Amino acid sequence: MSKLMNIGFGNVINTDKILCIITPDSAPAKRQIQRAKEENRLIDATQGRRTRAVIFTVNQMLVISALQPDTLSGRFGNEERTPD
C-alpha cells in the first residue's frame with residue numbers, strides 16, 4: 001500500500017516512488033535540477049521559497065522542496081509507524 005508524505009505547503013509525494021533525497025548545494029545536484037527543468041521533468045514544490053531538498057523518483061522526475069532533507073527523511077521514517 002502506497003503512503004503519501006507531506007513535502008511542504010500541502011504538497012505530498014508517494015513514498016513508494018522516492019529513490020533518494022539530497023541537498024541542492026553541490027554542482028552535480030544543480031546540474032540535475034537544470035537538466036530536469038530543460039526536459040520538463042522538474043516539479044517545483046517550493047512555493048517560491050529557497051530550494052533545500054531535491055527528491056529523485058523512480059520515474060526520472062525531480063521534485064524540489066523548501067524543507068530540509070533531514071525533515072523529509074524523518075517524515076519518511078515516521079510513515080511506516082503511524083497507526084491507521
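**The sheet and its cores**

A: In this predicted model, Ala-53 stands opposite Ser-65 in S6. The two strands involved, S5 (residues 53–57) and S6 (residues 62–65), pair in the antiparallel sense over 4 bridges. Helix H1 (residues 27–38) packs on the sheet and touches S3, S4, S5 and S6. The direction of H1 makes about 115 degrees with that of S6.

The sheet as a whole is open and has 4 strands, in the order S3-S5-S6-S4, with mixed pairing. Strands S3 (18–22) and S4 (42–45) stand at the edges; each has a single partner strand, so one side of each is left without a neighbour in the sheet. From one strand to the next, the twist averages 20 degrees.

Ala-53 also belongs to the largest nonpolar core. That core has 10 residues in all: Met-5, Ile-7, Ile-13, Ile-18, Ala-45, Ala-53, Ile-55, Val-63, Leu-67 and Leu-72. Strand S1 (4–8) and S5 each supply at least two residues of this core. Leaving aside residues up to four places away in sequence, Ala-53 touches Ile-21, Ile-22, Pro-24, Val-63, Ile-64, Ser-65, Leu-67, Gln-68, Pro-69 and Leu-72. In soluble globular proteins, nonpolar side chains tend to be buried together.

Conventions:
Residues numbered from 1 in each chain as written. Predicted model: local features only at pLDDT ≥ 70, side-chain atom pairs only at ≥ 80, totals over all residues. Heavy atoms only, no water. Pairing = 2+ DSSP bridges. Axes fitted to C-alpha atoms, helices over the stretch in contact; angles between N-to-C directions. Contact = heavy atoms within 4.5 Å. Core = buried A, V, L, I, M, F, W, Y, C linked by side-chain atoms within 4.5 Å. Buried < 20%, exposed > 50% of the residue type's maximum accessible area, 1.4 Å probe, protein only.
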